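Visitor: I've just opened this one. Can you walk me through it?

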Amino acid sequence: QLRADLAARLASGKVSDAGKTYLIYILGEMRAAEAVEPLLDAIDFKTRRDGSGMHARWDQRPAELALRSLGFASVRAIMRRLPSESVELRRQLMCEVLDNLLGRAVSRAMLDDALQNEQNMQRREGWREAIRSQEATP
């Protein structure tokens, strides 16, 4: 119940940036698969460093790290969302999570397979964009 409550709090958007950072971190540490959707919503959220080192222990994009800790729950959610994502940065970050969890070769094979098996033309274009986004990541 606690994980669901924290995920709902993150999804509400009614939390400060510092609170959002801590929620994302905690959900990742708890490996809260029920938080995968709000974490994907926050994948491009960037923490602000305030000179005190407040968020120094986490990456500037804490949701990306939290999604990595969720493993295959993140893979499934990303593969559902990726072809409809219109923001380049968000696509790149999703591809980075896939690459981190699966390795570049496997994640690329999954994207290629999804493109080949997609019947909807709009989603096919979304898969092409995702592949381009993956190619643009180091």
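**Charged pairs and overall build**

Guide: Let's start at Arg128, which counts as partly exposed because its relative accessibility is 28%. Bear in mind that this is a predicted model.

Visitor: Which residue does Arg128 form a salt bridge with?

Guide: Glu125. The closest N and O atoms are 3.4 Å apart.

Visitor: Where do Glu125 and Arg128 sit?

Guide: In helix α8, residues 121-136. They are three residues apart there, so about one helical turn separates them.

Visitor: And Glu125, buried or exposed, or in between?

Guide: Glu125 is partly exposed, at a relative accessible area of 34%. Salt bridges with shared partners also tie Glu125 and Arg128 into one network with Glu88, Arg91, Glu129 and Arg132.

Visitor: What about Arg91 and Glu88?

Guide: Those two form a salt bridge, with the closest N and O atoms 2.5 Å apart. Both are in helix α6, three residues apart, so the separation is about one helical turn.

Visitor: How buried is Arg91?

Guide: Its relative accessibility is 5%, so Arg91 counts as buried. Glu88 is partly exposed, at 30%.

Visitor: Why would such side chains pair at all?

Guide: Opposite charges can pair when the charged atoms of the side chains come close.

Visitor: Are Arg90 and Asp44 buried or exposed, or in between?

Guide: Arg90 is buried, because its relative accessibility is 8%. Asp44 is partly exposed, at 28%.

Visitor: New topic. How many helices and strands?

Guide: Eight helices and zero strands.

Visitor: What does the C-alpha trace span?

Guide: About 45 × 35 × 25 Å along its principal axes. Of the 138 residues, 44% are buried.

Visitor: And the accessible surface, what does it come to?

Guide: About 7,300 Å², with 50% belonging to carbon and sulfur atoms.

Visitor: Back to charges. How many positive and negative ones?

Guide: There are 22 positive and 20 negative charges, and their mean positions are 2 Å apart.

Notes. Residues are numbered from 1 along each chain as its sequence is written. This is a predicted model: local features need pLDDT of at least 70, side-chain atom pairs count only at pLDDT 80 or more; totals for chains, interfaces and linings use all residues. Side-chain values use heavy atoms; hydrogens and water are left out. Buried means under 20% relative accessible area, exposed over 50%, partly exposed in between (1.4 Å probe, protein chains only). A salt bridge is a side-chain nitrogen of Lys or Arg within 4 Å of a carboxyl oxygen of Asp or Glu. Helices (H or I, at least four residues) and strands (E, at least two) are DSSP runs, numbered from the N terminus. Accessible areas come from the Shrake-Rupley method with a 1.4 Å probe; for residues, only the protein chains shown count as cover. Lys and Arg count as positive and Asp and Glu as negative; His and the chain ends are not counted. The place of a charge is taken as NZ of Lys, CZ of Arg, CG of Asp or CD of Glu.
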